[in-house]
Amino acid sequence: MNKPVNFQSNSKSRYLTDEEIQSFGEKIEAIRRETMQSLGEHDAAYIYKIRNFVRYSEIASRGMLMFAGWLPPVWLLGTGLLGISKIVENMELGHNVMHGQFDWLNDPSLNGANYDWDTIATGDDWKYTHNYVHHTYTNIVGKDHDVGYGLIRVSESQPWEPRFLFNIPLTIQLMVFFEWYVGVQNLHLEDVYVYKTKTWREVWQDSVKLRKKVTRQVIKDYVFFPLIAGPNAIPVFAGNAVANVIRSLWASAVIFNGHFTEDAETFELDNTENETRAEWYLRQIRGSSNFSGTQGLHILSGNLSHQIEHHLFPDMPANRYAEVAPKIKALCAEYGIHYSEASFTKQFASVWVRLAKSSLPNDWKEQLKLTMQNKLKRWV
């Protein structure tokens, strides 16, 4: 599978022979094996500490909103803390637990098959669209629905449509309502709105579990907590809404930084069925990007700041990615494989450059040149 779209023009990685790919994969596997065999009390203590932070930060933030939310400073503090609590619950707790990273603890509350997070998306839908589809077919255009989410264009291999002229505003509203887009992702609503290959009746039938989850989440944040807050119902309602948007904006920024930078490659649907594990490892690295930062930034990102390592080892406890990353980076340097890493802001800026370029047809320069030449001929 060592074949990205337009390999010669846009890849910063050296083309490897089959023997080199196999050797590379064996060394990646050795890193994984060594780390997984060393899991123990430190990792257990870490995830329990994260869970306790989520619990107590939610209690504190909701308490502030319910009892003193009418005070602007308290509302700001409570809303901000609730947003952080929701971010950590989704990114470092829910996402990682549902990958099965802590199944080895034999704790039912941290079992990937049982955990259901505090967001619109159902656990079952997420584990299918993300754990299976995305992590199996990472960045393969036409297979990985995360390549544009059916809404935006992020690769020249995606057929251009006039709607992609609005790539930037579409991305902004995708970020604001990211929780909802992730929730409905498995329904492929673009097939109803754009391609007319699916009916609303089919969507309704496919959304049974999602509708139950949406009802539960809406009642919790926008009915139950405002009601029990009594006279502080409006501040609580507003605080919950803003906290959810904070989480959506941050989660989408982290995910875009890991997948949509200019260096993140997309791939053709060629010999995926015959892809070896070593080739799969190689594709994960070339299709992902990391961003650097403090330990707090890593926790807030669910350690997806180490997106390369997460794609290589999705079931490895994410708190181990920081120790694994230097080994992967050194191995990439040894084999001439580009290891995309930069600051959060630099990667985020790169995302918007890519989105802007993708909003136009691939041949827009040629078309513009022809148009100008024709105009010049008419003037002459």
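How much space lies in the largest cavity of this structure? About 300 Å³. Keep in mind as we go that this is a predicted model.

Let's step back to the whole chain before going inside. The protein chain has 17 helices and 2 strands. Its radius of gyration is 22 Å, close to the 21 Å that the globule rule gives for 380 residues, so the chain is as compact as a globular protein of that length. If you boxed up the C-alpha atoms along the principal axes, you'd need roughly 75 × 60 × 40 Å. Of the 380 residues, 52% are buried. Contacts also reach across the sequence: take those between residues at least 6 apart, and 71% of them join residues at least 24 apart.

Now back to the inside. Searching the whole structure turns up 3 cavities of 30 Å³ or more. The largest cavity has a lining of 24 residues, and if you want to find its centre on screen, look for Trp-117, Trp-126, Phe-178, Val-182 and Ile-255, which lie nearest to that point. Helix 11 gives the largest share, with 5 residues. What is the make-up of that lining, in nonpolar, polar and charged residues? It splits into 9 nonpolar, 12 polar and 3 charged.

Finally, zoom in on one residue, Thr-171. You'll find Thr-171 in helix 6, which spans residues 167–176. Is Thr-171 buried or exposed? Its relative accessible area is 0%, and the cut-off for buried is under 20%, so Thr-171 counts as buried. What does the side chain of Thr-171 reach? It comes to 2.7 Å from the backbone oxygen of Asn-167. Setting aside neighbours within four places in sequence, Thr-171 also touches Ile-152, Phe-256, Trp-352 and Leu-355.

Note on methods:
Residues are numbered from 1 along each chain as its sequence is written. This is a predicted model: local features need pLDDT of at least 70, side-chain atom pairs count only at pLDDT 80 or more; totals for chains, interfaces and linings use all residues. Side-chain values use heavy atoms; hydrogens and water are left out. On a 1 Å grid over the protein atoms alone, a cavity is a set of points where a 1.4 Å probe fits but cannot get out, and a pocket is an open set with protein on both sides within 12 Å along at least five of seven lines; lining residues have an atom within 4 Å of a point. Grid points are joined across faces, edges and corners, and a volume is the space filled by probe spheres set on the points. Helices (H or I, at least four residues) and strands (E, at least two) are DSSP runs, numbered from the N terminus. Ala, Val, Leu, Ile, Met, Phe, Trp, Tyr, Cys and Pro count as nonpolar, Asp, Glu, Lys and Arg as charged, and the others, Gly among them, as polar. Buried means under 20% relative accessible area, exposed over 50%, partly exposed in between (1.4 Å probe, protein chains only). A polar contact is a pair of N or O atoms within 3.5 Å; within protein, one must be able to donate a hydrogen and the other to accept it, and residues adjacent in sequence count only if both atoms are side-chain atoms. Contact means heavy atoms within 4.5 Å. The radius of gyration is taken over C-alpha atoms; the globule rule is 2.2 Å times the number of residues to the power 0.38.
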